[in-house]
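Try each task before you read its solution.

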There are 2 protein chains.
Amino acid sequence: MIEDLIITKTKKIILDKGNIYHGLRKTDNGFSQFGEIYFSFIKKNSIKAWRIHKKMTLNIIVPVGSIQFNFIDLRENSKTFKERFELLLSEEHYYRVTVPPKICFGFKGMGDGINMLTNIANIPHDDNESETKDLKEFNFIE
Amino acid sequence: MIEDLIITKTKKIILDKGNIYHGLRKTDNGFSQFGEIYFSFIKKNSIKAWRIHKKMTLNIIVPVGSIQFNFIDLRENSKTFKERFELLLSEEHYYRVTVPPKICFGFKGMGDGINMLTNIANIPHDDNESETKDLKEFNFIE
């Protein structure tokens, strides 16, 4: 496991007309402030990797489909420096993952249908605060 | 149209591996503060109606599927008191709708697959600040 990466089981309310899935409340563990929310779709077997945010804390949820995540700790002062963590998020495995800055991450679409994550970020998107690394830089583990 | 109901065209970034859809930024028109985000699914031809929030301002987006909304202005001091507004939100018709308090609303699943809305609310869920009316109370217009 990676230090300060928080995994929170998140509630699903099952209803005849269509379910309600909790996302994030301002009183939840892992919430600091609201900057932006966006949706990222990932096709089956496609990989979006690698990205490192210098300032952004992410709160990632997968309400539709199934997505495999890889996290690598690049914080030199961390107890878990260079350690890795893999996590599958899906409707069945419905958790929110809070990702602090300077964790490198990538994700792969696993479901046959739509795979979609929501990121509730503590700051708005800013190209200057993130960097990308080539997919070949690290091994993506399923 | 209903006074203070704001409809904002929202950006989609088309990418080979899977698109990115904008949601809401803290600097966007219609954003006041963050209380909670949740996801509500609605099956085809099912209707969730009617609900009125006394305090909550909603920011609704439909990133997956297609959902028909009905809004009715129940604010006695509004210029558009008792007026109605219908709106279809979908991937093709990708807008965010900001709904002030005391607007009665309902919605119907239109797509054959998954229909899902996201609500970014300015306050966390609280049973005491919302009321429901029976579906029969008003006509639902497609």
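**Exercise 1.** State which elements chain A runs through from the N terminus on.

*Solution.* Start at the N terminus: the elements read β-β-β-β-β-β-β-β-β-β-β-β. Now count by type: chain A has 12 strands and zero helices. Here helices (H or I, at least four residues) and strands (E, at least two) are DSSP runs, numbered from the N terminus.

This is a predicted model: local features need pLDDT of at least 70, side-chain atom pairs count only at pLDDT 80 or more, and totals for chains, interfaces and linings use all residues. Residues are numbered from 1 along each chain as its sequence is written, while chains are lettered from A and ligands numbered from 1 in the order in which they are written.

**Exercise 2.** Give the strand order of the open sheet and find its edges.

*Solution.* Write down the seven strands: β1(A)-β9(A)-β6(A)-β11(A)-β4(A)-β3(B)-β2(B). Their pairing is antiparallel; two strands pair if DSSP finds at least two bridges between them. Next, look at the edges. β1 (6-9) of chain A and β2 (12-13) of chain B each have a single partner strand, so one side of each lacks a neighbour in the sheet.

**Exercise 3.** Describe how β4 and β11 of chain A are joined.

*Solution.* Take β4 (residues 36-41) and β11 (residues 116-121). They run antiparallel, with six bridges between them. Then pick one residue: A:Glu36 has A:Ala121 in β11(A) as its bridge partner.

**Exercise 4.** Find what share of chain A is buried.

*Solution.* Apply the cut-off: a buried residue has 20 or more other C-beta atoms within 10 Å of its own, with C-beta atoms placed from the backbone. Of the 142 residues in chain A, 40% are buried.

Definitions and conventions: Buried ≥ 20, exposed ≤ 12 C-beta atoms within 10 Å, placed from the backbone.
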